[in-house]
Amino acid sequence: MLLASTSPGDLVLDPFFGTGTTGAVALKLGRRFLGIERDPTYADLARARIEAIPAPEDASLLATRAARDEPRVPFGSLVERGWLRPGDVLFDQRKRWSAKVAADGSIVAADIRGSIHQVAARVQNLPACNGWQFWYARVEGRPVPIDWFRQKLRAEIN
C-alpha cells in the first residue's frame, strides 16, 4: 500500500501503530513516518524493531512511477513516426470491431470518427474506454495492443 500511494520522503501516519509494521515498512521504502501507540509495551516493541532497520542504501531505487506520471503520448505520434499508417486496420482482441487509422491521428469505425478512446467506447456503447488497451494492430503478423507502440515511444523519450 505504501509503495503504491507514497513516494520516497513522504510522511506516513499510523494512528494505531502497534508493533510498528507501518513504520518499519515506511523506513525500508525511504518514507518518513509518525506512529501513535498508547500501549507502552507495544511502543517499546515498535521502537526496538525500527531501530534495528538499516537505512536504505540507494533511495532512488525506492520510487515507483505511477501511470499518471508517465509522459503523455498522443496516438497521432504513432502515425507521425510511421509505426501505424493511414488505412491500417485496428481491431479489438476478440475481433468484434475494427477501425481504420486516419492521417490526422483519429480512427474511423463505420460512421464513427474520433480518438482511439472515443471510438472504442462508442462501438461498445460504453461511456468510456481505454483505447490504448482496447485496440490491436498487427506487428510482424501477430496481434499487439497499440499500447505496445506507446510504451516503445515512452522508452525512447525517457
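Leu 126 lies in the loop between α5 (116-124) and α6 (131-134). Helices (H or I, at least four residues) and strands (E, at least two) are DSSP runs, numbered from the N terminus. The model is predicted, so local features need pLDDT of at least 70 and side-chain atom pairs count only at pLDDT 80 or more, while totals for chains, interfaces and linings use all residues. Residues are numbered from 1 along each chain as its sequence is written, and side-chain values use heavy atoms, with hydrogens and water left out.

Leu 126 counts as partly exposed because its relative accessibility is 41%. Buried means under 20% relative accessible area, exposed over 50%, and partly exposed in between (1.4 Å probe, protein chains only). Arg 138 is twelve residues from Leu 126 in sequence; the C-alpha atoms of the two are 25 Å apart.

Phe 91 sits in strand β3 (residues 89-92). At 9% relative accessibility, Phe 91 is buried. Val 144 is 53 residues away in sequence, yet its C-alpha is 9.9 Å from that of Phe 91. Beyond neighbours within four places in sequence, the contacts of Phe 91 (heavy atoms within 4.5 Å) include Trp 97, Phe 134, Tyr 136, Arg 138 and Pro 143.

Thr 6 occupies the loop between α1 (2-5) and β1 (11-14). Its relative accessibility is 15%, so Thr 6 counts as buried. A polar atom of the Thr 6 side chain lies 2.5 Å from the backbone oxygen of Leu 2. With residues up to four places away in sequence set aside, Thr 6 touches Val 12 and Arg 31.

Helix α2 (residues 21-28) has Gly 23, Ala 24 and Ala 26 as its buried residues. They lie on the same side of α2 because they cover an arc of only 165 degrees around the axis, taken from the directions from the helix axis to the C-beta atoms. These buried residues pack against α1, β1, β2 (32-35) and α3 (40-51).

The largest pocket holds about 260 Å³ of space. On a 1 Å grid over the protein atoms alone, a pocket is an open set of points where a 1.4 Å probe fits, with protein on both sides within 12 Å along at least five of seven lines; lining residues have an atom within 4 Å of a point. Grid points are joined across faces, edges and corners, and the volume is the space filled by probe spheres set on them. Eleven residues line the largest pocket, and Arg 72, Val 73, Trp 132, Arg 150 and Arg 154 are the closest to its centre.

Technical notes. Polar contact = N/O pair within 3.5 Å; in protein donor to acceptor, adjacent residues only side chain to side chain.
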